[in-house]
Amino acid sequence: MKKYAITLVTFVTLNLTFGQTVVIPRANDSRVITTGLPFMLIAPDARSASLGDMGVATSVDGFSQQYNPAKYGFSEAKSGISISYTPYLTRLVNDISLSYVTYFNRINEYSAFSVGLKYFSLGEIVLTQDANDPGVAVKPNEYAIDGAYTLRLGDQFSMAVAMRYMRSALRIDTIDPNANPGSTFGADITGYYQSEEEAYNDFNGRWRAGFAIQNLGPRFKYDDGGREVFQPTNLRLGLGFDFIFDEYSKLGVTAEVSKYLVPTPPIIGDEFEFTDNNGNGTYEEDEDDLANNPITTDIIVSGQDPDVSFMSGVFQSFGDAPGGFSEELREFTWSLGAEYSYQDNFAFRAGYFNEAEDKGARKFFALGAGFKYTTINVDLSYLFSASKVQSPLENTLRFSLTFNFGAGEYNEY
């Protein structure tokens, strides 16, 4: 009996000394949230781009379909058509671009409908087998078609619901005969508030506010054998105020925050076996005698499993950051913008957009201008990057055009 006891003690001691395991987080694990169809969140028009990629709480314009179609309930024009063109990666190529066209119609004082088409072209790519192969030209692209219905729920508040079909043809069937475009459906729920004009000491003013939950829909695959990815589900909240100095001049200032409503990537690690030289059962830096291959891989060290349904992902996104509440706050981007307009014929704009360093590091300033001639609005914008990470839209001039019909048919201001 004594011999068995000695053997058991020896086995336990050896196991404590040599049989320990540790989970080591992977170095440079990405903290950036990624989704499918990222082109859906690119500001497609010059006005919103010049204000720091915002639009959920700005005053109504032809491109409200992108950010908040509920604003169409406050349009003074009966209907309108808007067209925009945005070059992309202009420093590298000249044939990648984002095009956008919208149409809205205010049915009556209480309702409106609108439609939009967004098209992202990756240009022409020539596939070759060798230097002597003339190659085959392909044109990968993505697009989205949506429609929205707006209902005025009161004198100062309206809401809208939008439905959207999105298609991504990035896989090339010349390389893979079984390649199929990825596609999915999504929905937006938005709201917009605009107060009556109020008198202050030296000026009149008007408050604006808006919210939008965008691209709410199921996960999808880019190909049959790939993994499911989330849509770019996004929450936007905005607040603005118009300083109305007289009947000719007005200054509108707006602030907006936004956040992805998809899970945060967890910190992933691998389990290794190490020699516990100190015999204390814990891994220390001087105990680097690890096996070459991990025992178990892809272990969640901190955070939550992102493999959930899209609705679970929406609720999980508010509390799954490995860094806790402080990291959740860093996942919010924010924008500030100002727009000065004179007689509603000329407008000068400036904006700033900020994103945390470990969440994408997008930071930029933007300037823009707008001109109105009878029923035609022309808008321009230009972006200046303020980040170490170069923006694909840096030094890009964007152009937008809007045709309004039945201008002044509704009096909202």
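This is a predicted model: local features need pLDDT of at least 70, side-chain atom pairs count only at pLDDT 80 or more; totals for chains, interfaces and linings use all residues.
Local features here need pLDDT of at least 70 and side-chain atom pairs count only at pLDDT 80 or more, while totals for chains, interfaces and linings use all residues. Residues are numbered from 1 along each chain as its sequence is written, and side-chain values use heavy atoms, with hydrogens and water left out.

**Overall picture**

The protein has five helices and 20 strands; these are DSSP runs (helices H or I, at least four residues; strands E, at least two), numbered from the N terminus. Of its 413 residues, 45% are buried, where buried means under 20% relative accessible area, exposed over 50% and partly exposed in between (1.4 Å probe, protein chains only). Taking contacts (heavy atoms within 4.5 Å) between residues at least 6 apart in sequence, 62% join residues at least 24 apart. The protein exposes about 20,900 Å², with carbon and sulfur atoms supplying 59% of that area; accessible areas come from the Shrake-Rupley method with a 1.4 Å probe, and for residues only the protein chains shown count as cover.

**Salt bridges**

Side chains of opposite charge can pair when their charged atoms come close. The whole structure holds 17 salt bridges, each being a side-chain nitrogen of Lys or Arg within 4 Å of a carboxyl oxygen of Asp or Glu. Here are three of them.

| Pair | N to O distance |
|---|---|
| Asp146 and Arg164 | 3.0 Å |
| Arg206 and Glu197 | 3.6 Å |
| Lys359 and Glu327 | 2.7 Å |

Asp146 sits in strand S7 (residues 141-152) and Arg164 in strand S8 (residues 157-169), so their pairing ties together parts 18 residues apart in sequence. Both of these residues, Asp146 and Arg164, are buried.

Lys359 and Glu327 form a salt bridge that links distant parts of the chain, with Lys359 in the loop between S17 and strand S18 (363-373) and Glu327 in helix H5 (residues 325-330), 32 residues apart. Lys359 and Glu327 are both buried. Elsewhere, salt bridges with shared partners join Arg47, Asp61, Glu339, Arg349 and Asp379 into one network.

Tyr340, found in strand S16, is partly exposed, with a relative accessible area of 32%.
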